[in-house]
Amino acid sequence: MARDASPVTDPVLAELLDRHFAAQPRAMASALLSAVVCSWIMYGSMPTPMLAGWLAAFGIVNVVRSVTGRMAAATPLTQRGLVLRMR
């Protein structure tokens with residue numbers, strides 16, 4: 001049996017994604033606080049280069065999350081192109 005390949009826009013999924021990107025800055029702020037506390041706790045027990053590498057990787061991931069969140073929020077709803085395939 002062939003699948004239906006016609007694009008279908010799902011308004012529920014679009015709303016969930018909008019809420020996710022709206023709450024993303026708050027999640028990133030709490031993640032930053034957790035990273036600072038964890039690095040402060042582990043400072044004496046971990047080698048400094050490893051801790052610095054972990055913090056750098058964490059920073060890069062948060063910058064990428066921030067940029068993608070801003071790009072998604074700046075895109076008009078009519079151009080987001082949220083398309084699902086019916087199974």
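This briefing describes the fold, the surface and several individual residues of one protein chain. The structure is a predicted model. The chain contains two helices and two strands, and these elements follow the order β-α-α-β from the N terminus on. Of its 87 residues, 9% count as buried.

**Overall fold and surface**

- Helix α1 spans residues 11–42, and helix α2 spans residues 48–74.
- Among the contacts in the chain with a separation of 6 or more, 71% are between residues 24 or more positions apart.
- The accessible surface of the chain amounts to about 7100 Å². Carbon and sulfur atoms account for 69% of that surface.

**A nonpolar patch**

- A nonpolar patch on the surface is formed by Leu33, Val37, Trp40 and Ile41. Together, these four residues have about 490 Å² of accessible area.
- Ile41, one of the residues of this patch, belongs to helix α1.
- The relative accessible area of Ile41 is 59%. Ile41 is therefore classed as exposed, because the class begins over 50%.

**Ser39 in helix α1**

- Ser39 is also part of helix α1, but Ser39 is buried, with a relative accessible area of 12%. The reason for this label is that buried means under 20% relative accessible area.
- The side chain of Ser39 comes to 2.9 Å from the backbone oxygen of Val36.
- When neighbours within four places in sequence are left aside, Ser39 is in contact with Leu51, Trp54 and Leu55.

**Met28 in helix α1**

- Met28 is located in helix α1. Its relative accessibility is 15%, so Met28 counts as buried.
- Leaving out residues up to four places away in sequence, Met28 touches Asn62, Arg65 and Ser66.
- Met28 and Val63 are separated by 35 residues in sequence. In space, the C-alpha atoms of Met28 and Val63 are 9.6 Å apart.

- One aromatic pair is present in the structure. The pair consists of Trp54 and Phe58, whose ring centres are 6.3 Å apart and whose planes stand at 25 degrees.
- The pair is described as stacked because planes under 30 degrees apart count as such, and the angle for Trp54 and Phe58 is 25 degrees.
- Trp54 and Phe58 are four residues apart in helix α2, so about one helical turn separates them.
- Trp54 is partly exposed, with a relative accessible area of 36%. Trp54 is also one of the residues in contact with Ser39.

Technical notes: Residues numbered from 1 in each chain as written. Predicted model: local features only at pLDDT ≥ 70, side-chain atom pairs only at ≥ 80, totals over all residues. Heavy atoms only, no water. Patch = residues over 30% accessible without salt bridge, like charges linked within 9 Å, V, L, I, M, F, W, Y side chains within 5 Å. Areas by Shrake-Rupley, 256 points an atom, 1.4 Å probe, with all protein chains shown as cover. Salt bridge = Lys/Arg side-chain N within 4 Å of Asp/Glu carboxyl O. Buried < 20%, exposed > 50% of the residue type's maximum accessible area, 1.4 Å probe, protein only. Polar contact = N/O pair within 3.5 Å; in protein donor to acceptor, adjacent residues only side chain to side chain. Contact = heavy atoms within 4.5 Å. Phe/Tyr/Trp six-rings, centres within 6.5 Å; stacked < 30°, edge-to-face > 60°.
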